[in-house]
Amino acid sequence: MNITREKRALALPGILGLILVLGLLAWGGLQLRDFALEVIGSRANEPAELPTLLYGVGSIVLSFILMGGFLVVQPNEARVLTFLGKYTGSITRDGWYWVNPFAKKHKLSLKVNNFNSERLKVNDAAGNPIEIAAVIVWRVTDSARATFDVEDYQEFVAIQSETAIRALASRYPYDTHDSTESLRGNPDEVGDELRKELHKRLEIAGIDVLEARISHLAYAPEIAQAMLRRQQAQAVIAARQKIVEGAVGMVKQALEQLRNEGVVDLDEERKAAMVNNLLVALVSESEASPIINTGSLY
């Protein structure tokens, strides 16, 4: 594919172009005055010189044609110039310029733009249907590519953004309870990955992606209730695992401390009974009620 490269257009400061136009107008006016004096002035008996009239009229007509070369470039704006179907350059600095009056001037905005995608229904890495949307912050950095290498760069951004969002959502699960990256658990990492994906897709159009963030993420309505119950069950299981791990550690620490300090000498059967009582007290959701044993265990 033939990629167009941005180049600087040949342009003069507007004040120099104005001096040129005013100079032609003044010179043409002087020529017309001289012709008028030759016709009706003190030299009326002499034949008037036709070239004087032609010079005067030609200079004035040319000055009016050159006036079409003036243009004003606003901040964060570019003008892409073409002449006879050929790209001649771009003006990206703000100011007042004079260029080839016969060149066609395309106006292009270099301002930062936001693209808020529609809510897309896709399948995540686990095959669950989800709804996802993202906000893309972008700007044009190469006016030539944006103008000549794609049909409509704004529509190109919209289509490529939706494609990148779909591709990204299919590589990550909606949510996990381990160290695996997920759409809901790692929004910063997922957003950075989306920005890199978009940069590769939009570079051909001379567009730089400044930021990309997920703005909406949810399960599809048809499975939302079922997945909510699944999430609740997974959360309960994960919480129970943490509680059990903590309780086992506390029981182990209590037995070791009793043995090291010689508080009580427990045989295996009494250790088992004590472990059972401690685990029940630590793991139980309701408050434990102590039972005082005043006799022998047997």
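1. Two strands count as paired if DSSP finds at least two bridges between them. In this predicted model, an open sheet of three strands has the order β1-β5-β2, and its pairing is antiparallel. The edges are taken by β1 (12–13) and β2 (70–73); each has a single partner strand, so one side of each is left without a neighbour in the sheet.

2. The pairing of β2 with β5 (residues 95–98) is antiparallel and is made by four bridges. Within it, L71 stands opposite Y97 of β5.

3. Y97 is also one of the residues that line the second largest pocket. The lining includes E6, K7, R8, A9, L12 and P13, as well as S90, I91, T92 and R93. Both β1 and β4 (86–91) supply at least two lining residues each. By class, six of the lining residues are nonpolar, two are polar and four are charged. The space in this pocket is about 200 Å³.

4. The largest nonpolar core has 34 residues, of which I136, W138, V140, Y153, L194 and I207 touch the most other members. At least two residues of this core come from each of β8 (120–123), β9 (129–140), α4 (153–169), α5 (187–202) and β10 (207–219). The largest share, eight residues, is from α4.

5. Which residues does Y153 touch, not counting residues up to four places away in sequence? They are L108, S109, W138, V140, A146 and I207.

6. Another core, of seven residues, lies apart from the largest one; A9, L71, V73 and L81 are among its members. Of these, A9 also lines the second largest pocket, and L71 is the residue opposite Y97.

Key: Residues numbered from 1 in each chain as written. Predicted model: local features only at pLDDT ≥ 70, side-chain atom pairs only at ≥ 80, totals over all residues. Heavy atoms only, no water. 1 Å grid on protein atoms, 1.4 Å probe; cavity = no way out; pocket = protein on both sides within 12 Å on 5 of 7 lines; lining within 4 Å. Points joined across faces, edges and corners; volume = space filled by probe spheres on them. Nonpolar A, V, L, I, M, F, W, Y, C, P; charged D, E, K, R; others polar. Core = buried A, V, L, I, M, F, W, Y, C linked by side-chain atoms within 4.5 Å. Buried < 20%, exposed > 50% of the residue type's maximum accessible area, 1.4 Å probe, protein only. Contact = heavy atoms within 4.5 Å.
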